[in-house]
Amino acid sequence: MSAAIKEAFFKVLVVGDGAVGKTSMCTQITTQEFFSDYNLTVGCDFFIKRFYVNNISVTLQLFDIGGQDQFEKLRKAFAGGAKGIFLTFDITRRDSFYNLEQWYESVKDNLDFRAPMFLIATKKDLRKSAEIWSEDITSFQEKLAFDAYFETSAYIGEGINEAFEAMGKMLLSRFDENEYSKEAQKMKFLEGAQRGVRS
Ligand SMILES: Nc1nc2c(ncn2[C@@H]2O[C@H](COP(=O)(O)OP(=O)(O)O)[C@@H](O)[C@H]2O)c(=O)[nH]1
Ligand SMILES: [Mg+2]
């Protein structure tokens, strides 16, 4: 008899200044595509990423939250129930790094207290124009105690798989099986209901 595949579902936030590359990272991880034109995310974009960790089917529902001020309330509401967070900054823009504390403040009350927090540098292919260095990362660690740091590029497709895999593993280790499998069942039910409505 083969054992049923275990399923896990987690909601994960992707936050950071406009144009740092949040949508590009989510697009790269879900479709392996890259677009050089910039389309501002208005409100919130959703992505679904599924992969296996130790024979467990992990589904991450990614919330890529737009940075406009008028969406402040929406941002708080969207953050509800999140189990993990990617704090993203553009390696070539110092301001995008310094704004991360504020980004974290704006969603932290709605984040689960066990939520893994990953710091993500984007656009590592543009490293020759970098404005952030390893000393900055070390001092940020002292301030915000993030769980992991990854340098990524959606353009050359580097670092992103590693970051997501590590997030998946940490989520599985921090949350109880009955919590994440219940979430997965709920999600399946909603997907089924949606198909029902469409057909
Ligand atoms: N060179 C380079 N450009 C990138 C990378 N990721 C995103 N971009 C570009 O940066 C701009 C903003 O990206 P986007 O994902 O829309 O940013 P968002 O506002 O944070 O969602 C777009 O023109 C992207 O093509 C990367 O890894 N390398
Ligand atoms: Mg976007």
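## The ligand shell

Helix H1 (residues 22-31) supplies the largest share of the shell around ligand 1, namely 3 residues; helices (H or I, at least four residues) and strands (E, at least two) are DSSP runs, numbered from the N terminus. In total, 18 residues surround ligand 1, and the closest are Gly21, Lys22, Thr23, Ser24 and Tyr155. A residue belongs to this shell if its C-beta atom, placed from the backbone, lies within 6 Å of the ligand.

The shell has 7 nonpolar, 8 polar and 3 charged residues. Ala, Val, Leu, Ile, Met, Phe, Trp, Tyr, Cys and Pro count as nonpolar, Asp, Glu, Lys and Arg as charged, and the others, Gly among them, as polar.

## Basis of the description

This is a predicted model, in which local features need pLDDT of at least 70 and side-chain atom pairs count only at pLDDT 80 or more, while totals for chains, interfaces and linings use all residues. Residues are numbered from 1 along each chain as its sequence is written, and chains are lettered from A and ligands numbered from 1 in the order in which they are written.

## The nonpolar core

The largest nonpolar core has 42 residues, of which Val12, Leu13, Val14, Val15, Phe86, Leu87 and Ile120 touch the most other members. Such a core is a set of buried Ala, Val, Leu, Ile, Met, Phe, Trp, Tyr and Cys residues joined through C-beta atoms within 7 Å. A residue is buried if 20 or more other C-beta atoms, placed from the backbone, lie within 10 Å of its own. Strand S1 (6-15) gives the most to this core, with 7 residues.

## The strands

Of the 10 residues of S1, 8 are buried, so S1 is largely enclosed by the rest of the structure. S1 pairs with S3 in the parallel sense over 9 bridges, and two strands pair if DSSP finds at least two bridges between them. Lys6 stands opposite Ile56 in S3. S1 also runs parallel to S4, joined by 4 bridges, and Val12 has Gly84 in S4 as its bridge partner.

S4 and S5 pair in the parallel sense over 6 bridges. S5 is mostly covered, with 5 of its 6 residues buried. Strand S6 (residues 148-151) pairs with S5 over 4 bridges, again in the parallel sense.

Terms used. Buried ≥ 20, exposed ≤ 12 C-beta atoms within 10 Å, placed from the backbone.
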